[in-house]
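Reader: I am new to reading protein models. Could we go through this one step by step?

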Amino acid sequence: MRLMSQFGRFWYDFVVGDDWTLAVAVVALLGITAAMAHAGRVAWPILPLGVAAILFASVWRARRAPH
Amino acid sequence: MHSVLLIAAAFLASAVEMVEALTIVLAVGVTRGWRSAAWGVGAALVALTVIVAALGPAIATLPIDALRIVIGGLLLVFGLQWLRKAILRASGLKALHDEDAIYQAEIDDLRRHTARGAHDWYAFTVAFKGVFLEGLEVAFIIVTFGGAQKNVGLAVIGAAAALVVVLIAGAIAHAPLSRVPENTLKFGVGIMLTSFGIFWSAEGAGVSWPGADASLVGVIGFVIVVSFGLVTWARRDRSAEVAVA
């Protein structure tokens, strides 16, 4: 039981971590990328630019968090 | 001549995949400890052996894109969390929250756990994923290159030669890497995991990168520029706040 709980906590930390919005945003970006790629559009810039944007947003939120 | 070209092609293509796996294993091993990372590598090799033995040439029918999007996506999420922490630390924002001490305590705790022989699931999982995915790609290369020329044996020779060269390179790189300061290494690992995550998950989502595998270098460069840009911005922003106060 303890092992299961450790295993569950590990995956929670691994996927969710300190900022759950990163995981949600990555899933959304991958969905958009897949849709664009399968529609035959140029999709390769979406993920790098999207990752830069969500990283900026996450650092910006941490910057504004009350100390 | 065809035989030499087949070996060379299998060597180069396999070496690219193996270097990617090596980068991840080195990064995880140096920052989180070698024991669990080695277990991850071993488990991935066992899984690969079972899959290759069970499927043989049918390995080419595995849904590699689905694996890329899942493994790449998880690496991307994990790498982003690591990179975010490194950026906050480098810009001094973590120090504002007294996180430096917490971070140091985490490292000390990790070292105590490692000394007691506790298993580090992070190191295990990241090493496993990197080696498993890249190992599958090497198996694909061998089956497709060798199958196309009707000589899988020569493709295996090329891949085996690549493995020897990459392992030697890893042994050489390991010593200088272990002398790099911990924070700098963590920053580097965040950049590498995020870059590999972007590259693999985008491929899994159906993206064709301009320049194929070579574009990974561009992705790494982009993530480095973005990360250092964010550190500079956050530092400047913080300095301005301190000046006003």
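Predicted model: local features only at pLDDT ≥ 70, side-chain atom pairs only at ≥ 80, totals over all residues.

Reader: Which helix of chain A has the highest confidence?

Author: The mean pLDDT of chain A is 84, and 87% of its residues reach 70 or more. Confidence in chain A is lowest in helix H1 (residues 2–15), at a mean of 70. At 92, the highest value in chain A belongs to H2(A).

Reader: What pattern does chain A follow along the sequence?

Author: Chain A has three helices and zero strands. Read along the sequence, its pattern is therefore written with helices as runs numbered from the N terminus. That pattern is α-α-α.

Reader: How are H2(A) and H3(A) oriented to each other?

Author: Helix H2 (residues 20–38) and helix H3 (residues 46–64) of chain A have axes 10 Å apart and pack at an angle of about 160°. Angles over 145 degrees count as roughly antiparallel. H2(A) is therefore, relative to H3(A), roughly antiparallel.

Reader: How many charged residues are in the contact of H2(A) with H3(A)?

Author: On the H2(A) side, the residues include Leu22(A), Ala25(A) and Leu29(A), and on the H3(A) side they include Leu47(A), Gly50(A) and Ile54(A). By class, this contact has eight nonpolar and four polar residues.

Reader: Which helix supplies the largest share of the side of chain B that touches chain A?

Author: In total, 33 residues of chain B are in contact with 27 residues of chain A. Five helices of chain B, H3, H4, H6, H8 and H9, each supply at least two residues of that side. The largest share, twelve residues, comes from H3(B).

Reader: Is H3(A) roughly parallel or oblique to H3(B)?

Author: The axes of H3(A) and H3(B) are 10 Å apart, and the angle between them is about 45°. Roughly parallel would need an angle under 35 degrees. The two helices, H3(A) and H3(B), are therefore oblique.

Reader: How many nonpolar residues does the contact of H3(A) with H3(B) have?

Author: Among the residues that meet here are Val51(A) and Leu55(A) in H3(A), and Leu80(B) and Arg84(B) in H3(B). One residue of the contact is polar and one is charged. The nonpolar residues number eight.

Key. Residues numbered from 1 in each chain as written. Chains lettered and ligands numbered in written order. Contact = placed C-beta atoms within 7 Å. Helix = DSSP H or I, 4+ residues; strand = E, 2+ residues; numbered from the N terminus. Axes fitted to C-alpha atoms, helices over the stretch in contact; angles between N-to-C directions. Parallel < 35°, antiparallel > 145°, perpendicular 65-115°, else oblique. Nonpolar A, V, L, I, M, F, W, Y, C, P; charged D, E, K, R; others polar. pLDDT = per-residue confidence, 0-100.
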